Amino acid sequence: MYFLGIDTSTTSSKALLIDETGNVVAVASSPHTLQTPKPLWSEQDPNEWWDAVVASIKSVLEKAGVNEDQVRAVGLTGQMHGLVLLDEVGNVLRPAILWNDQRTQSQCDEIHQLIGREKFIQITGNVALTGFTAPKILWVKENEPEIFSRTRHILLPKDYIRYKLTNEYAMDKADGAGTVLFDLKARDWSDEVLAALDIPRAWMPRTFEGTEITGYIPEEVASFTGLKAGTPVIAGGGDQAAGAVGMGVVEPGIVGLTVGTSGVVFATTPSALIEPDGRLHAFCHAVPGMWHFMGVMLSAAGSLQWYRDTLAPDVSFDDLLKDAESIPAGSEGLQFLPYLSGERTPHPDPLARGAFIGLTLRHSRAHMTRVVLEGVAFGLKDSFTLIQNAGLGEIKQVRASGGGTKSVLWRQILASVLEAELVTVNTTEGGAYGAALLAGVGAGAWGSVAEACSACIKITGSTQPAPSDVEAYRKSYSVYRELYPALNLSFAKM
């Protein structure tokens, strides 16, 4: 018995097969291309996703030597927030506008004007940002009225794959919330928001919890994918929610921390909590009946990459970090602001800038290396602080992933700054693995998402806060928090 997870990301479509014990049997991936026809634009052809998915499904089944009868269910995940417009018979009307497209700031402002910024936050759990789906719809309406007039269905990237797999228009609630057209508490489309933006409710697909069946593989799709006709396709979730399932971040008190080029803090909540100023993303979880907060930092491990490439290009990361081990917590008064690409959480400011502050003759390259790690940790703590202040309560455990967490020193700094146990787990395939687990739950292999995660995800390492460093970091963090408010007007002038 096997379960297939499909992840349609920005760069590729991955197919991952697990068995009933959660072991990864095979993985296959097929690349996508990205189009940037104008500055700030980011688009892809949905038909290219479908070709990549079909290729990856065929490849993974061949690699695993699995026949069609053995795959019991398919789960879906993929890049969030992208806009796919279809006509009455399901044809793609224009290239998909992706999550990282930045053309829609005026539409974001328009949404806040039409509904009211505070009211919009209370309904959707979020402010309107350029990455989200709703302002993209308004942009098409205002700039491509002929396309808009032919639109009859609105989908997200992975849900276009669902449509091609099942001939059904459907979406999971986690990804639906990420359109910011959802009533967060009701876990479904907001009639008030749709009406205010003049988006027909009939265009929006039916929404499902992450473990529900959304359709079945028909004969014609079975014939060229290698899947069996009648195989159920489970709702799944957007890449962040499915990735959290893949790490076991499925209950309150356990927080996911990804330290890649960017940084993501993901916290499961038992109710539809909202950060009053919209500084955290608040979405439905792929776990039925759960929600989550998400904080996003734009330059996490990317800060260390920039620092090494710019100031020490001939030194290995290992050697840089080894030198930094000798520097005391707090880097003897030095501070680093990691806003090299602007910032998202807690300061939604594209004009924010990076900085070393407090340099003296005493400070060495080793100090600068360590304070980059500390500055990123403080930036991530900003999200933790918002999450706790918004009502989550105690953080019992932080589950860490991403290239930055491979460093023993950085893990120790993070544990001490966050004042929580930092653990690593045995699963490294992210959203595709989470989608496969959701497929297994939907097919009845496990009784719940929590049961699946408990059975399949194991802790492989643990880092406790260093008591001697915690107090030093509390003092240093209090200074760090004063720096952005003191400098933001100067950043804007720059």
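Predicted model: local features only at pLDDT ≥ 70, side-chain atom pairs only at ≥ 80, totals over all residues.

Modeller: Residues are numbered from 1 along each chain as its sequence is written, and side-chain values use heavy atoms, with hydrogens and water left out.

Biologist: How do you know that strand 1 and strand 2 pair?

Modeller: Two strands pair if DSSP finds at least two bridges between them. Strands are DSSP runs of E, at least two residues; helices are runs of H or I, at least four; both are numbered from the N terminus. Seven bridges join strand 1 (residues 2–8) to strand 2 (residues 12–19), and the two run antiparallel. Ile 6 has Ala 15 of strand 2 as its bridge partner.

Biologist: What makes strand 3 and strand 13 edge strands?

Modeller: The six-stranded open sheet has the order 3-2-1-5-14-13, with mixed pairing. Strand 3 (24–31) and strand 13 (213–216) each have a single partner strand, so one side of each has no neighbour in the sheet. Neighbouring strands here are turned by 20° against each other on average, direction ignored.

Biologist: What lies across this sheet?

Modeller: Helix 6 (residues 157–166) lies across strand 1, strand 5 (71–78), strand 13 and strand 14 (232–234). Helix 6 runs at about 150° to strand 5. Axes are lines fitted to C-alpha atoms, for helices over the stretch in contact, and angles run from 0 to 180 degrees between N-to-C directions. Contact means heavy atoms within 4.5 Å.

Biologist: Which strands stand at the edges of the other sheet?

Modeller: That open sheet has seven strands in the order 17-18-16-15-21-22-23, again with mixed pairing. Strand 17 (281–284) and strand 23 (459–463) pair on one side only, as edge strands. The twist averages 25° from one strand to the next. Helix 13 (residues 365–392) packs on this sheet, touching strand 15 (254–259), strand 16 (263–269), strand 18 (291–297) and strand 21 (397–401). Its direction makes about 20° with that of strand 16.

Biologist: How do you know that strand 17 is joined to strand 18?

Modeller: Four bridges join them, and they run antiparallel. Phe 283 has His 292 as its partner in strand 18. Their hairpin has six residues between the strands, and Gly 289 takes a positive phi near 75° there.

Biologist: Why is Ala 439 called buried?

Modeller: Buried means under 20% relative accessible area, exposed over 50%, and partly exposed in between (1.4 Å probe, protein chains only). Ala 439 has 0%, so it is buried. It sits in helix 15 (residues 430–442). Leaving aside neighbours within four places in sequence, its contacts are Phe 3, Leu 4, Ala 73, Val 74, Gly 75 and Ile 234.

Biologist: What makes helix 4 largely enclosed?

Modeller: Eight of the 11 residues of helix 4 (residues 133–143) are buried, so the rest of the structure largely encloses helix 4. Among the buried residues are Lys 136 and Trp 139. The cover includes helix 2 (105–115), helix 5 (145–150) and strand 8 (153–155).

Biologist: Why is Leu 340 called partly exposed?

Modeller: Leu 340 has 31% relative accessibility, so it counts as partly exposed. Leu 340 is found in the loop between strand 19 (335–337) and strand 20 (355–357).
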